[in-house]
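Please look over the sequence and the model shown here, and then work through the questions that follow.

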Amino acid sequence: MNVPLLDVRNLRVEFGKPSAPLIAVNDLSLQVHAGETLAIVGESGCGKSVTALALTRLLHGSQARLSGSVRYRGDELSNLDERAMRAIRGRHIGMIFQDPMSALNPVMSIGDQLIEAIQAHQSLPRAEARARAVELLERVRIPEPHKRLDDYPHRFSGGMRQRVVIAMALAGGPSLLIADEPTTALDVTIQAQILNLLASLQREMGMGLILITHDLGVVAETADRVMVMYAGRKVEEQPVHGLFANPRHPYTRGLISARPALQLEALDTGKPRMRLKEIPGMVPMLSHLPAGCAFAARCEDADARCQQLPELQATDSLAAVACHHPCQAPQRLHRALA
């Protein structure tokens, strides 16, 4: 039996008073296998980053309350104490945080930060840990790593800092890597380099990868499966090619349609460009979620049935959608990615 690296069932994250909780993630289930990339997409405020922090129990000790099952290689993580969980983080599950500008300590050299991460998971003397740090910088394609080891973060560009953050996430040799917006604030050239680096490291190490992003172009190039979140819930999941060829949920269709496309014809002829399509309205506040479908107020297909919460229904063995009016006809919205 092929046991997934990560198997999450009915994850729920609450904040605030138990009598009136703010539910940031609700009834979320997902699986990730070795060598597989699962992309989690959705607008800001949909619960993507909270999900990543909940999976690694980095919300533990705050006012968050977690329930559900999180299994790594078949072992339940939700019942572990903090000391046992610290042995899992970094060593087995690595994390690339969202902002490389703030993920590094500005008053510590890159080498000291890498050595600290290495020694947290391996009992190595400092000289060996330093040699390992050089290897990690070389692995993430930083030129002259033995010289750059003693530099401070301010001497690195944004792309180089992100490479250092990736090196720190790899310090323990994890089999699962969670990358939360790993290309935020980077230009498209550096973005492509970082994505190619992650793909290369994944093949080299056989890691599972959870990629959190709002960039559907990144998703199309890197993901094997895509999970779409809205207002803390999973509303659709499909293999990547199926999602772009035939998105089933109105929210997914809206996300794909809203992506800007290069209009070469308008550039050549001087014709006015087509207005960028948009999803009307905003993601509802988690403290004021409607009783039914959270997307109903923004959906042109909504009717009286949408006053009831739609359940996630499997459309085949690899896909599922939570909608009272899922799209049935094949869509050609993937042309928007051209």
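Q: Does Arg-57 count as buried or exposed, and why?
A: This is a predicted model, in which local features need pLDDT of at least 70, side-chain atom pairs count only at pLDDT 80 or more, and totals for chains, interfaces and linings use all residues. Residues are numbered from 1 along each chain as its sequence is written, and side-chain values use heavy atoms, with hydrogens and water left out. Buried means under 20% relative accessible area, exposed means over 50%, and partly exposed lies in between, with a 1.4 Å probe and protein chains only. Because Arg-57 has 9% relative accessibility, Arg-57 counts as buried.

Q: Where is Arg-57 placed?
A: Helices are DSSP runs of H or I with at least four residues, strands are DSSP runs of E with at least two, and both are numbered from the N terminus. Arg-57 is not a glycine, yet its phi is positive, at about 60 degrees. Its place is in the loop between H1 and S4.

Q: In which strand is Asp-27 found?
A: Asp-27 also is not a glycine and has a positive phi, of about 55 degrees. With a relative accessibility of 42%, Asp-27 counts as partly exposed. The strand in which Asp-27 is found is S2.

Q: Which strands stand at the edges of the sheet?
A: Two strands pair if DSSP finds at least two bridges between them. The open sheet has 4 strands in the order S2-S1-S4-S5, with antiparallel pairing. Each edge strand has a single partner strand, so one side of each is left without a neighbour in the sheet, and these strands are S2 (22-32) and S5 (75-76).

Q: Which residue in S5 does Arg-71 stand opposite?
A: Strand S4, residues 65-72, pairs with S5 in the antiparallel sense over 2 bridges. The residue in S5 that stands opposite Arg-71 is Glu-76.

Q: How are H4 and H5 oriented to each other?
A: Axes are lines fitted to C-alpha atoms, for helices over the stretch in contact (heavy atoms within 4.5 Å), and angles run from 0 to 180 degrees between N-to-C directions. Angles under 35 degrees count as roughly parallel, over 145 as roughly antiparallel, 65 to 115 as roughly perpendicular and the rest as oblique. H4 (residues 110-119) and H5 (residues 126-139) pack at about 110 degrees, with their axes 9 Å apart. The two helices are therefore roughly perpendicular.

Q: How many of the residues of H4 are buried?
A: What covers the buried residues of H4 includes H5, helix H6 (145-148) and helix H7 (158-169). Among these buried residues are Leu-114 and Ile-118. H4 is mostly covered, and its buried residues number 7 of 10.
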